[in-house]
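Subject: Structure for you to look at

Hi,

Here is the structure I promised to pass on. Please open it alongside this note, and then read on for what turned up in it.

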Amino acid sequence: MSVVTPQWALNVKRALVEVGQRHCVYLLQGGARFYVGFTVYAPWYRVLQHNGIAIGGAVTTQTSRPWRVVCFVTGFPTPQLAKRFERQWQLGYRGPGVV
């Protein structure tokens with residue numbers, strides 16, 4: 001069994017910064033709960049944050065740990081479009097005009 005340390009998580013973040021920013025919206029599952037979020041880094045680093053391994057993460061995800069990535073969407077040309085998609089996903093899509 002491997003153990004993920006905070007130093008390892010920091011090294012992952014540094015590597016992701018070097019690769020560059022990619023606007024990403026992701027879906028996490030923790031038990032019976034779901035969480036939709038936005039990041040400019042890989043969702044794999046965000047799940048480390050949500051699970052308390054790396055510094056950061058949303059307060060609302062402190063319960064229902066451990067979280068796992070169910071799916072993620074990338075390829076947004078601007079962060080504004082990614083945030084708009086995130087909000088629509090959180091509220092539940094109700095019609096045309098998401099993007």
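To begin with a term: two strands pair if DSSP finds at least two bridges between them. Helices (H or I, at least four residues) and strands (E, at least two) are DSSP runs, numbered from the N terminus. The model is a predicted one, in which local features need pLDDT of at least 70 and side-chain atom pairs count only at pLDDT 80 or more, while totals for chains, interfaces and linings use all residues. Residues are numbered from 1 along each chain as its sequence is written, and side-chain values use heavy atoms, leaving out hydrogens and water.

**The sheet**

Strand β1 (residues 24-30) runs antiparallel to β2, and seven bridges join the two. The whole arrangement is an open sheet of three strands in the order β2-β1-β3, with antiparallel pairing. Its edges are β2 (33-39) and β3 (68-74), each of which pairs on one side only. On average, neighbouring strands are turned by 20 degrees against each other, direction ignored. Axes here are lines fitted to C-alpha atoms, for helices over the stretch in contact, and angles run from 0 to 180 degrees between N-to-C directions.

Helix α3 (residues 79-91) lies across β1, β2 and β3, and runs at about 170 degrees to β2. Contact means heavy atoms within 4.5 Å.

C24 is in no disulfide, and the nearest cysteine sulfur, that of C71, is 9.3 Å away. C24 is buried, at 1% relative accessible area, whereas C71 is partly exposed at 31%. For these words, buried means under 20% relative accessible area, exposed over 50%, and partly exposed in between (1.4 Å probe, protein chains only).

**The loop between α2 and β3**

Please also look at the loop between α2 (43-50) and β3, where P66 lies. The peptide bond from R65 to P66 is cis, with omega near 5 degrees. S64 is placed in that loop too. Although S64 is not a glycine, its phi is positive, at about 65 degrees. As a reminder, most residues other than glycine have a negative phi, and most peptide bonds are trans. S64 is partly exposed, with a relative accessible area of 26%.

Definitions and conventions:
A disulfide is a pair of cysteine sulfur atoms within 2.5 Å.
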